[in-house]
Every structure is written in C-alpha cells, then in structure tokens.
Amino acid sequence: MQGRAGAESTNRCRIRWLVASRRLASILLLAFSDIARSEVRVPVTVKAEPEAVPLDLTRTALIIIDMQRDFLEPGGFGETLGNDVSLLGAAVGPCKAVLDAARAADMLIIHTREGHRPDLSDAPKAKIERGHPSVRIGAPGPMGRILIRGEPGHDIIKELYPIPGEPVIDKPGKGAFYATDLDALLRNFGVQHLLVCGVTTEVCVNTTVREANDRGYRCVVLADCCASYFPEFHEMGLNMIKAQGAIFGWVSDSQSVLAAMAPPARKLAAV
C-alpha cells in the first residue's frame with residue numbers, strides 16, 4: 001500500500017511539473033514573440049515640406065478620407081451644389097497608386113465616410129439646418145438621401161473601394177476622430193504615423209490632421225492625393241498644415257511616398 005501511495009504521489013508531482021513547465025513555455029513564447037515584434041523596424045525617410053520626415057512603416061497607417069460617391073461622381077450631391085467634381089477626381093489616381101503600394105506592404109489601411117443615421121439622431125440641428133432645404137442632410141438626392149449611411153451616394157467610389165480587412169470609419173463630423181473609435185483602433189495596432197489622403201483638403205482632411213496632431217500622431221499629408229472644389233482652399237489648407245515647422249504635420253506627395261516604400265528601401269532593421 002505504501003509503495004502504491006508513493007508512486008501516486010510521485011505521478012502527481014510529475015503532472016504538476018509538466019503543467020507548470022508548459023505554462024512557463026507558453027509565457028516565454030509569448031514574451032519573446034512580443035519582443036521580436038517590438039524590435040522590428042522598417043525605417044524610411046519621406047521627402048516632404050517643411051523638411052524630410054522619418055517614418056517607421058511598421059507603425060504607419062494609410063487613412064483615406066471621405067472618397068465617397070456623393071462628393072466625387074457626376075450627378076452626386078457635390079455637383080448638385082454647383083461644384084466641379086473633376087477637381088476632386090484628380091486625386092483618385094494618386095490615391096489608388098498609394099493604396100496599392102500600402103496593400104502590397106501589408107500596411108494598416110483605414111477608410112472614412114462622413115454621414116449620419118437615417119433618423120438623424122447623431123446630426124446636430126445646426127448642421128442639419130444649413131443650406132437650402134432641398135439640399136440639406138437627409139433630403140432626397142441624386143444618389144439617395146444626402147449624407148445618410150447606407151444610401152448609394154454615401155458609399156466609397158469603386159476605384160478605392162475597401163477590401164476585406166480594411167476598417168471603414170463612419171464619422172458624423174468633419175474630423176475622423178470625433179465620435180468614432182479611430183483612436184482606439186490606431187493604438188491597438190501600435191500606429192504612430194499617418195499617411196493622409198482624401199477630400200476635401202481644407203475641411204475633413206485638415207480637421208482630421210489637427211485632431212491627430214493633438215493625440216500625438218505624426219501626419220504626412222499627400223498633396224496630390226487630396227483635393228478641394230476650390231483650388232485656392234486646397235493650397236491654403238496644405239500651407240496651414242506645414243507652417244511653422246510642421247505645426248500640424250508634413251506635406252508630401254504620392255511619388256515621394258512610393259519612392260520611400262519601394263522594396264530596395266524597405267530593409268528590416270532591429271533597433
């Protein structure tokens with residue numbers, strides 16, 4: 001009996017030791033994986049104004065702001081207001097080139113859409129009441145109700161349409177951080193730098209960059225990937241961002257970013 005009890009005690013000890021060893025191995029494996037991830041860097045330098053800006057591509061996200069049908073397509077809400085939508089269309093090609101490169105680099109890509117709930121419960125009265133009643137938010141438009149989520153005009157243009165895995169932020173305001181989970185999403189991915197594209201330069205792009213700057217993100221705005229219905233506002237918007245030593249961020253262009261992201265420049269380095 002004593003021999004059997006001793007054997008059982010020994011077996012229990014061995015089982016406890018095996019369980020503890022496996023737990024320790026799992027903990028060490030996770031720890032070393034986290035360390036390895038934290039040490040991987042893809043440092044690049046992007047030609048920009050007011051000066052070249054260093055970025056780490058592993059901590060960079062591409063954010064494409066409000067490239068929606070209602071703003072860019074003929075017959076949409078933007079055109080019904082008397083705007084020349086071809087001015088915004090000029091940004092589509094450069095945006096597509098950067099989007100393709102970001103996908104190839106497995107970079108985090110985020111799209112935004114400005115719009116509201118069908119019952120307008122998230123739209124401030126002051127915003128709804130602006131403009132002529134026939135072209136206010138929620139009114140019938142050429143592509144469905146104006147700036148209402150789920151309507152055809154609210155969706156992103158086909159040239160830049162998100163693929164599975166690319167988050168879409170539906171925002172009720174001009175800035176992409178206001179009343180959204182964008183900040184939480186970026187921090188969960190360890191993002192520190194933003195490549196910013198979209199429309200319009202002086203409104204939603206500028207507002208988002210300022211919000212990002214206040215939250216500690218380093219923003220690089222790609223001039224030819226942004227546009228406005230008013231060319232002078234586009235230029236002013238970019239000048240405000242890069243003024244006073246990049247007070248809100250840096251201004252670059254698609255070709256400079258594509259050159260920095262080209263495979264020869266993307267060498268992994270342990271820091």
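H5 passes H10 in a left-handed crossing, meaning that the near helix is turned anticlockwise from the far one by less than a right angle. Both names follow DSSP runs, numbered from the N terminus (helices are H or I with at least four residues, strands are E with at least two). This is a predicted model, where local features need pLDDT of at least 70, side-chain atom pairs count only at pLDDT 80 or more, and totals for chains, interfaces and linings use all residues. Residues are numbered from 1 along each chain as its sequence is written, and side-chain values use heavy atoms, with hydrogens and water left out.

Back to the helix pair. The axes of H5 (residues 92–104) and H10 come within 10 Å and cross at roughly 15°; the axes are lines fitted to C-alpha atoms over the stretch in contact, with angles from 0 to 180 degrees between N-to-C directions. As for who touches whom, H5 brings Pro94, Ala97, Val98, Ala101 and Ala102, and H10 answers with Ser254, Leu258 and Met261. Contact here is heavy atoms within 4.5 Å. By class, that contact has seven nonpolar, one polar and no charged residues. Ala, Val, Leu, Ile, Met, Phe, Trp, Tyr, Cys and Pro count as nonpolar, Asp, Glu, Lys and Arg as charged, and the others, Gly among them, as polar.

H10 turns up again at the largest cavity, giving three residues, the largest share of its lining. Val44, Val46, Leu55, Leu57, Thr60, Leu195, Val257, Ala260 and Met261 line this cavity. Strand S2 (43–46) and H10 (254–261) are the elements that give two or more residues to it.

Now for the open spaces. On a 1 Å grid over the protein atoms alone, a cavity is where a 1.4 Å probe fits but cannot get out, a pocket is an open set with protein on both sides within 12 Å along at least five of seven lines, and lining residues have an atom within 4 Å of a point. Points join across faces, edges and corners, and volume is the space filled by probe spheres set on them.

| Space | Volume | Lining by class |
|---|---|---|
| Largest pocket | about 490 Å³ | 12 nonpolar, four polar, seven charged residues |
| Second largest pocket | about 330 Å³ | 11 nonpolar, three polar, five charged residues |
| Largest cavity | about 30 Å³ | eight nonpolar, one polar, no charged residues |

Phe71, Phe77, Leu81, Leu147 and Lys174 lie nearest the centre of the largest pocket, and H8 gives the most to its lining, with three residues.
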